[in-house]
Structure formats: C-alpha cells, structure tokens
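Hello,

Here is the structure I said I would pass on. My notes follow below it.

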Amino acid sequence: QDVRRDLLELDRIYIPRSERDLDDADLRRLASGTGSADERARFERILRPLVERTDAMMISATKLPKLVDPSIARPVLLFQRAGLLVGRRIRRERFATLWARPRVPRLSLVCMACSAMLRPVGTAA
C-alpha cells in the first residue's frame with residue numbers, strides 16, 4: 001500500500017523483480033511521472049496479481065484466530081480483516097499506489113474493529 005513512500009522516501013522496492021517488467025530506475029521514473037492512463041495501466045498489470053495473491057492469503061487466514069493462543073486471537077483477526085480492507089481500497093483506486101497511498105476511511109476502521117471485538121474468538125478443539 002505504501003509503494004510510493006517506500007520507493008521515494010525510503011529507497012526501498014518491495015515489488016519483486018520477477019513480478020515486474022521494470023527495473024528500479026524505470027519504476028522511479030514512473031513514480032515521478034503524472035500517473036497518466038498508460039502509466040497507471042502498466043503499473044496495474046504489475047500490482048494486480050500481487051494484490052490478488054495477498055487477498056487469497058488473507059482469506060485463507062480466516063481460520064487463523066481460532067488456531068492461535070487466545071491472547072493474540074483478536075489482533076490476528078484485526079490484522080487479517082485490515083489486510084482485506086486495504087486490498088479493497090487498492091482495487092477501488094485501480095492499483096495506483098505508485099502515485100497515491102490508498103486511504104481507508106476512519107469510520108471503516110472503527111466498524112471493522114468493533115465487529116472484531118464483538119465476534120467470539122475461540123480456540124480450535
């Protein structure tokens with residue numbers, strides 16, 4: 001979600017080279033551009049499969065809170081739900097995280113946290 005900040009402020013690239021048809025300099029040049037329709041489409045082709053894989057992992061983690069120690073079950077549940085929420089925001093912004101960080105509305109976060117706190121989280125039998 002923080003592709004631009006990681007790249008321009010921290011000089012880090014977390015998108016695996018094997019997953020992109022851009023070298024590091026090309027990615028920086030793309031980030032410093034205007035985010036034209038062509039640039040956004042090119043970056044979406046890179047980011048979409050990564051977001052899809054991440055979403056699949058987050059969905060598969062649905063049962064994880066019942067498998068961990070009860071003292072960490074709720075934080076694990078919140079992490080999983082927040083990951084899915086961020087994935088939805090990235091999709092909504094058409095994967096343009098190279099030009100703007102996707103923002104999750106505060107109300108959405110509060111609702112997610114309340115829902116997680118009200119949900120019973122037990123351990124596996």
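Of the 125 residues in the protein, 34% count as buried. Keep in mind that this is a predicted model. The accessible surface comes to about 8,200 Å². Carbon and sulfur atoms hold 56% of that surface.

On the overall fold: the protein has six helices and zero strands. Along the sequence the pattern reads α-α-α-α-α-α. The C-alpha trace spans about 50 × 30 × 25 Å along its principal axes. Take the contacts between residues at least 6 apart in sequence: 68% of them join residues at least 24 apart.

The axes of helix 5 (residues 70–92) and helix 6 (residues 106–118) come within 10 Å. They cross at roughly 145°, and the crossing is right-handed. Helix 5 brings Arg 74, Leu 77, Leu 78, Arg 81, Ala 82 and Leu 85 to the contact. Helix 6 meets them with Ser 108, Leu 109, Met 112, Ala 113, Ser 115, Ala 116 and Met 117. By class, that contact has nine nonpolar, two polar and two charged residues.

Last, the cysteines. How many disulfides are there? The count is zero. Cys 111 is in no disulfide, and the nearest cysteine sulfur, that of Cys 114, is 6.7 Å away.

Best wishes

How values were computed: Residues are numbered from 1 along each chain as its sequence is written. This is a predicted model: local features need pLDDT of at least 70, side-chain atom pairs count only at pLDDT 80 or more; totals for chains, interfaces and linings use all residues. Side-chain values use heavy atoms; hydrogens and water are left out. A disulfide is a pair of cysteine sulfur atoms within 2.5 Å. Axes are lines fitted to C-alpha atoms, for helices over the stretch in contact, and angles run from 0 to 180 degrees between N-to-C directions. Helices (H or I, at least four residues) and strands (E, at least two) are DSSP runs, numbered from the N terminus. A crossing is left-handed if the near helix is turned anticlockwise from the far one by less than a right angle, and right-handed if clockwise. Contact means heavy atoms within 4.5 Å. Ala, Val, Leu, Ile, Met, Phe, Trp, Tyr, Cys and Pro count as nonpolar, Asp, Glu, Lys and Arg as charged, and the others, Gly among them, as polar. Buried means under 20% relative accessible area, exposed over 50%, partly exposed in between (1.4 Å probe, protein chains only). Accessible areas come from the Shrake-Rupley method with a 1.4 Å probe; for residues, only the protein chains shown count as cover.
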